Amino acid sequence: MTDHHLPSVPTGGSTGPDRFAQSAALVDGLDPVFAGPLFDGRDPRLAGVFMRGSRQVRLDITALPMVMRREVGWWLATCVRTGERQAHASEWNRWAATAADVIARHPHVASFADRSLAEWMTAWARRFHADRGRMPAPGHRIRAEHALRGMLERLLRQYASEVDWWRHDIWSLRLDPRIPRREHEPRANTAVRWGDITPPWLREGTKFYLRLQMESGQLTWSTVMQHRVNTARFAAFVTERGIHHPALADGSERSLRALALDFGTFLHNWQRETPGRAEVGGSLQPRTINKNLQTIDLFYRVMTDCRTEAAEALDDARWLALTDSHARMFRPADRPRQRAVREADERNYINDTDLSSMLTHIELLGLPAEQTRAVVRDACQVELAGLGHPAVMRAWLIQAMTGRRASEVLMMDFEPLSDIPGLDAAAVPEGGMVARLRYQQTKIDAAPNTILVGRDVVEIIREQQAWVREHWHLGPAETIRYLFPKTTGNRHGTKSWETSNYNHVLKDFSHHLNMRDSRGELLLYSRSHRLRHTKATTLINAGAPIHVVQRYLGHLSPEMTMRYAATLASTAEREFLALAKVGRDGREIGMNRRDMLDLVQLDRRTDRILPNGYCLLPPTRSCDKGNACHGCDHFATDRTFLPDIQRQLAETQSLVATRQARHTERYGEPMSGANVWLEQRNAEIRSMQLEITALEAQPAGSTIVVRGAGVLGRTGYQDATGASDSKGASRS
């Protein structure tokens with residue numbers, strides 16, 4: 001079979017378009033100061049355009065043709081508008097000279113977009129050698145490439161704005177506002193590059209598939225990164241096996257099944273080539289292999305369903321060869337879906353001694369670099385300089401005090417605090433909760449995003465606000481978007497710290513401090529997620545109920561919370577066995593204490609405590625209905641859960657409305673009532689409405705438990721009952 005090469009959007013080198021007209025559109029409406037051809041960094045109108053060290057140098061682009069002049073002027077204006085970059089005048093003078101040389105050699109070149117970045121770098125090195133008689137040092141090349149790459153990527157995207165966003169080989173939220181995104185994206189500054197994915201049919205097919213998933217809300221921007229990694233492994237597999245067709249094999253279920261098993265073996269033998277969480281040469285973890293298999297399985301399921309649309313959009317009729325067998329290549333046994341509650345790793349818990357040491361030395365992270373502080377290391381006192389990262393220090397302290405994820409803290413609004421209704425904060429005793437903290441919940445949809453905090457957290461937030469106001473030159477009433485704004489390429493404060501950079505700073509600090517924990521290992525601040533485990537462990541140790549800890553951590557299921565609770569198996573045993581062992585008839589139970597604990601399965605039955613009620617299923621039985629609780633006759637709830645059910649109802653109705661609108665926009669008609677997904681959501685809505693009606697009928701403050709109130713909301717019950725009401729619910 002011959003590979004059908006579908007060309008992606010050009011990345012430079014095209015001379016077909018009318019660059020004169022395109023460049024005119026670029027500068028339409030720009031301030032005349034960006035018309036050039038001379039740019040003086042001392043001009044007040046160009047404040048913020050050039051880097052501090054080059055403001056005394058004048059940028060001269062007189063030798064460039066009009067199209068290139070417009071492009072440079074547009075780029076300088078873009079730098080001011082976005083606040084992401086500042087130009088270096090001397091570097092751009094060299095690029096102007098390089099461009100003039102290229103035009104002299106190749107008269108057909110009229111725009112920076114007419115050459116690829118690699119071609120421009122070759123020309124730049126030639127000019128550098130001609131001027132200085134030597135080849136440029138690596139640092140010079142990096143700075144030059146960085147200067148042009150930023151403009152070239154955005155310029156090419158601007159010139160190709162009529163092309164669908166998903167067809168580009170570079171996906172960047174900064175470059176293309178059409179890419180679906182959430183209000184707060186933890187990895188908004190990360191670009192996804194597809195150019196090195198081969199064969200082309202897989203690259204273009206994956207881009208089409210991800211476009212469908214993102215535009216329908218099935219996937220978010222953050223998950224695209226992992227899909228890119230998983231697709232790269234599958235690309236290596238099909239390349240090694242010499243597969244040149246989307247159908248992969250002859251189409252028979254037997255051959256596809258053999259290929260799916262072969263891919264699983266390929267992943268088990270995979271050796272890491274780049275460092276990450278695991279060392280180079282290491283194998284993939286079982287969970288990573290399962291995720292990779294799941295990614296390719298879902299890819300072929302969707303592409304099989306949408307093979308006609310894919311063939312048309314990709315101009316590749318070979319996608320029509322997909323059959324239902326492709327949607328069944330992978331079996332549940334290949335990628336286990338049900339995951340038992342994993343025992344918590346004791347290494348994720350920071351004991352009191354180590355945590356006290358970390359809190360004692362964290363101040364050094366925020367200390368200015370010119371200041372030092374004495375620390376005791378291996379029984380010797382040493383002087384260490386500060387690292388000058390007060391914002392990172394405060395973010396880490398908030399993590400330690402609240403147990404939030406790093407991204408939840410780093411993406412908090414500039415003003416994340418609000419009053420607790422009916423509470424006089426001034427009258428709250430020391431250690432009490434005085435404010436409500438709102439954080440960005442970007443990992444789990446519909447999970448809680450507020451917690452109560454004490455004065456210590458409030459004081460840290462106020463200190464950070466004052467620091468931001470000072471460094472961003474804000475007035476007392478002015479604010480920016482985030483409490484922890486990125487400190488480089490972010491003059492407008494519209495970007496937050498990313499967890500990767502945050503962890504990098506904390507890792508550097510850990511090595512700089514070089515302290516040892518109670519096990520003799522390096523005390524790592526960069527494993528900040530351990531603070532979350534430690535906070536949860538502390539709460540459970542203090543006797544907080546699992547469902548309370550679940551709400552505090554923002555989990556949707558007790559299963560996730562039990563990963564933290566499992567650390568405390570000994571605590572659970574001690575507290576439970578402290579109770580008298582008395583039977584229903586009043587006699588003492590003559591049973592071994594360990595046997596009794598195993599019998600009641602204390603640490604395995606938290607699945608009966610739900611975020612919006614209780615499951616009354618007998619302990620010896622397990623539930624196989626997923627999260628379809630509202631229509632189940634074993635589900636019970638009371639008025640204390642009424643706000644949670646009302647919130648869940650509103651979110652479900654909003655989700656249905658959004659999906660309906662997207663379906664209508666795409667297909668020209670609303671989603672059919674026979675749609676399985678819509679039918680399930682409508683049943684949930686009916687059941688929740690019935691539950692709310694039943695609970696609102698109870699007196700305020702009532703603790704009466706209502707069971708099975710939403711049963712009549714199930715699909716098919718409406719016709720049988722004529723009208724569903726809450727009177728059929730049982731009470732206890």
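**The largest cavity**

I began with the lining of the largest cavity, which is made up of L202, T206, Y209, H227, T231, F234, T295, I296 and F299. The model is predicted, with local features needing pLDDT of at least 70 and side-chain atom pairs counting only at pLDDT 80 or more, while totals for chains, interfaces and linings use all residues. Residues are numbered from 1 along each chain as its sequence is written, and side-chain values use heavy atoms, with hydrogens and water left out.

On a 1 Å grid over the protein atoms alone, a cavity is a set of points where a 1.4 Å probe fits but cannot get out; a pocket is an open set with protein on both sides within 12 Å along at least five of seven lines, and lining residues have an atom within 4 Å of a point. I noted a volume (the space filled by probe spheres set on the points, which are joined across faces, edges and corners) of about 50 Å³ for the largest cavity. My search of the whole structure gave two cavities of 30 Å³ or more.

Which helices each supply at least two residues of this lining? They are α6 (200-215), α7 (221-240) and α9 (286-305). Helices (H or I, at least four residues) and strands (E, at least two) are DSSP runs, numbered from the N terminus.

**The second largest pocket**

Next I checked the second largest pocket, with a volume of about 860 Å³. I found 22 lining residues, and L212, S216, Q218, R666 and Y667 lie nearest the centre. Two or more lining residues come from each of α6, α9 and α22 (642-667). The largest share, six residues, belongs to α22.

**Helix α15**

I then looked at α15, where V457, V458, I460, I461, Q464, Q465, W467 and V468 are buried (under 20% relative accessible area, with a 1.4 Å probe and protein chains only). Just after α15, I saw that H473 takes a positive phi of about 55°.

**Aromatic rings**

Rings of Phe, Tyr and Trp (its six-membered ring) pair if their centres lie within 6.5 Å; planes under 30 degrees apart are stacked, over 60 edge-to-face and the rest tilted. I counted 23 aromatic pairs by this rule. For W124 and F128, the centres are 5.4 Å apart and the planes at 35°, so I wrote "tilted". W124 and F128 sit about one helical turn apart, because they are four residues apart in α4 (residues 117-132). W124 is buried at 1% relative accessibility, and F128 is buried at 1% too.

Methods: Buried < 20%, exposed > 50% of the residue type's maximum accessible area, 1.4 Å probe, protein only.
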